[in-house]
Amino acid sequence: MSDLQTGFLCLMTRPTEPLFYPKYNGEVFMDLPPEYLPERYQRIAGSIKTYHGSTAKHHISIKPVELPDFGYTARVPRHGEFNLFNSAQRQVAGRLVGDLLSQPDPQAMLSVAAYARDRLNPTLFQYALAVALVHRKDTGNVPVPSFLEMFPTRFVDPALFPKLVEEGFVVQQGERVAIEVPPSFSASETDPEQRLAYFREDIGVNLHHWHWHLVYPQEGPLEVVDKDRRGELFYYMHRQTVARYNVERFCNRLPAVKPLKNLREPIPEAYFPKLLNSALNRTYPGRHANMVLSHVNRPDDDAVATILELESSLGRIKEAIQSGFAMAADGTRVPLDPKKGIDILGNIMENSILSVNVPYYGNYHSLGHVLIGFIHDPDNLYLEGHGVMGDFTTAMRDPTFYRFHGHVDDVFDMHKQKLSPYKAHELSFPGVSISDATVQITSGKAARNRLLTFWQRTQVDLGTGLDFGPQGNVLATFTHIQHAPFAYQIMVQNETAEQKKGTVRIFLAPIYDADGEQLLLSQQRRYMLEMDKFVVKLHPGDNRIIRRSDQSSVTIPYERTFRRVEASNMPGTESFRFCNCGWPDHMLLPKGHPDGQPFDLFIMISDYKDDAVSTGFNENENCNDSHSYCGLRDQLYPDRRAMGFPFDRQPVAQDHLMKDFVARFPNMSRTVAEVMFTNTTISRT
């Protein structure tokens with residue numbers, strides 16, 4: 001590994017330790033110019049180098065360069081909170097990303113970052129550095145640690161850390177044992193919402209949400225923010241997240257979440273996260289049951305908003321949907337047509353810099369998070385920080401996240417419902433038919449169309465994020481849902497005399513709601529879980545397609561969600577970066593039920609001529625395997641169709657049930673598949 005790569009990794013290791021403090025088991029010393037040290041250490045620079053540098057085997061010298069003026073970063077205090085839902089702090093982060101990207105080469109960026117690291121808010125710095133590394137083409141060989149590795153207190157019960165530190169300091173590396181993370185610690189089992197704690201508090205789910213927003217920042221240089229179909233991806237990724245959560249609720253005999261469309265009603269769900277905010281070393285504040293949103297008046301946090309302001313923004317967004325066009329800042333009308341409309345609305349709703357009119361349409365999504373995040377102390381009377389809803393790394397833990405995003409998705413669906421149902425020629429694939437489709441576990445003699453889920457115990461290394469803690473690996477064991485590997489078998493007939501190319505689209509949808517009532521297709525479409533999407537070549541005659549679950553276009557492999565960097569050795573050269581964006585593989589299947597939960601397994605093959613875009617997409621290349629939710633780096637989204645096709649629009653009147661829809665098109669298949677939850681726990685080998 002080059003000095004450049006190692007230097008960047010040192011910047012991202014133990015983020016609140018001084019950069020000069022030896023890293024990687026004391027083997028690496030960052031040799032900084034005296035003026036690059038924080039003021040506290042500049043007058044003792046010589047003794048620091050003698051004391052800390054003399055024992056390190058490897059020195060990395062940082063060369064002085066012309067530095068930007070970082071005065072603007074004072075908006076985010078060094079020892080304060082950093083909040084990407086805060087528009088002013090988001091702008092600071094975007095400007096910092098720009099300063100890093102503007103450096104002429106990676107070596108200069110390393111020098112600038114080395115100067116900034118110990119002067120800026122650690123979370124702000126790590127966010128901006130990660131965005132810059134992800135988006136620079138000349139830093140493609142620098143692995144970016146996951147946020148779990150850098151700030152583990154935001155993902156794991158803080159009661160665990162004294163045990164981790166004790167194990168690390170007292171026990172030699174080879175004799176250390178993993179400390180157990182309690183599977184449920186935010187509430188007792190008497191709270192019905194605790195049945196979904198395994199989903200909301202899953203480390204992989206929360207890392208996915210953080211990394212998606214890392215790849216798709218709202219602020220920054222235009223080349224970083226303006227990605228293909230960015231607004232539509234914001235809509236679709238969150239739609240799929242809410243759908244997956246609601247399906248999990250059905251599996252646990254709970255109704256779908258009630259969308260939080262009235263911001264003036266009490267919020268019945270309480271939430272007490274019991275997590276440490278890394279910046280403040282305080283726990284995130286909790287929320288009591290039946291609290292009511294109000295204004296937020298916290299000027300020092302740049303959080304000043306009223307419910308009326310949000311209602312006004314929402315009214316203007318709905319007005320745009322009803323009229324069929326948005327009003328740009330220069331007064332021109334921007335049509336919300338079937339192709340671009342959802343992308344425009346996604347940028348307006350999220351309030352990225354791509355919004356066609358920020359002053360008019362406001363900041364609905366982010367301010368919604370802000371109001372909920374400060375519900376416990378809206379006037380800063382008690383000097384409390386934001387709750388978990390005010391932080392990208394923790395927001396998905398709160399039951400209210402899914403209620404709020406359920407409401408946001410309802411607004412998006414107002415636009416989708418205005419679009420005409422797909423016509424037969426848009427759905428058919430002449431000459432291609434599916435004669436049989438099944439799914440089956442790949443190990444042993446498993447029954448067809450029966451899938452299994454269970455609990456799995458997994459170890460993660462938290463040593464990288466233990467500032468001033470023990471060197472080497474410090475392991476924790478946590479329990480999460482997992483599924484047995486499975487594969488689809490699809491028998492397809494190409495009745496023409498020439499080879500054809502098609503896109504296989506696979507969805508899983510609940511047949512019944514929590515009360516056992518059968519869902520109509522018009523309802524079911526909102527709970528469609530995209531499982532996979534891939535391109536196939538169909539030879540004349542019979543074709544047999546086998547597709548494994550670990551090839552899914554939705555997920556990233558387990559190894560990229562939970563990476564273990566051996567802290568006792570120099571890190572490897574794997575390049576993760578963009579590749580970390582994707583739904584965790586262990587959460588691909590819903591939990592199911594001990595008695596078996598029936599699902600509609602929908603498979604469709606669409607005509608690739610109608611799907612193709614001009615891109616060099618190859619799903620077998622690194623980072624292309626989770627494009628359904630995350631798109632592709634520096635490429636067009638590899639599917640011309642609307643995200644969620646063919647279920648993003650309402651069905652025609654005669655398609656009451658899924659079986660009615662599928663019966664009209666031979667290129668579609670519906671199979672009833674059962675997901676059985678076996679309440680057993682295994683350890684990952």
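1. The largest pocket is lined by 22 residues, and those nearest its centre are Arg-229, Lys-339, Arg-640, Arg-641 and Ala-642. The model is a predicted one, in which local features need pLDDT of at least 70 and side-chain atom pairs count only at pLDDT 80 or more, whereas totals for chains, interfaces and linings use all residues. Residues are numbered from 1 along each chain as its sequence is written, and side-chain values use heavy atoms, with hydrogens and water left out.

2. The space in this largest pocket comes to about 530 Å³, and its lining divides into 8 nonpolar, no polar and 14 charged residues. In this classification Ala, Val, Leu, Ile, Met, Phe, Trp, Tyr, Cys and Pro are nonpolar, Asp, Glu, Lys and Arg are charged, and the others, Gly among them, are polar. At least three lining residues come from each of domain 2 (192-197 + 228-418) and domain 3 (424-683), the bounds being those of an automatic or database domain assignment. A pocket is here an open set of points on a 1 Å grid over the protein atoms alone, with protein on both sides within 12 Å along at least five of seven lines; a cavity is a set of points where a 1.4 Å probe fits but cannot get out, and lining residues have an atom within 4 Å of a point. Grid points are joined across faces, edges and corners, and a volume is the space filled by probe spheres set on the points.

3. Pro-646 lies in the loop between helix 22 and helix 23 (658-663), where helices (H or I, at least four residues) and strands (E, at least two) are DSSP runs numbered from the N terminus.

4. The disulfide count comes to 1, a disulfide being a pair of cysteine sulfur atoms within 2.5 Å. The bond joins Cys-581 to Cys-630, with an S to S distance of 2.1 Å. The torsion about the S-S bond of Cys-581 and Cys-630 is about -80°, so the disulfide is left-handed. Because Cys-581 lies in the loop between helix 20 (558-561) and strand 18 (583-584), while Cys-630 lies in helix 22 (residues 627-630), the pair ties together parts that are 49 residues apart in sequence. Both Cys-581 and Cys-630 are buried, where buried means under 20% relative accessible area, exposed over 50%, and partly exposed in between (1.4 Å probe, protein chains only).

5. Helix 14 (residues 341-350) is mostly covered, with 10 of its 10 residues buried; among them are Asp-343, Asn-347 and Glu-350. Asn-351, which follows helix 14, has a positive phi near 70°.

6. Asp-302, which is not a glycine, has a phi of about 50° and is found in the loop between strand 6 (296-298) and strand 7 (303-305); at 31% relative accessibility, Asp-302 counts as partly exposed. Leu-383, also a residue other than glycine, has a phi near 55° and lies in the loop between helix 16 (364-373) and helix 17 (399-418); with a relative accessible area of 58%, Leu-383 is exposed.

7. The unreviewed UniProt entry carries the annotation "domain: Tyrosinase copper-binding" over residues 398-409; UniProt positions are given in the numbering used here, feature names are shortened, and annotations may be inferred rather than shown by experiment. Over residues 398-409 the chain is 92% helix and 0% strand, with the end C-alpha atoms 17 Å apart.

8. Val-134, in helix 6 (residues 122-135), is buried with a relative accessible area of 0%, and Val-134 and Glu-17, 117 residues apart in sequence, are 23 Å apart in space, C-alpha to C-alpha. Pro-152, in the loop between helix 7 (147-150) and helix 8 (161-170), is buried with a relative accessible area of 2%, and the C-alpha atoms of Pro-152 and Leu-275, 123 residues apart along the chain, are separated by 9.7 Å.
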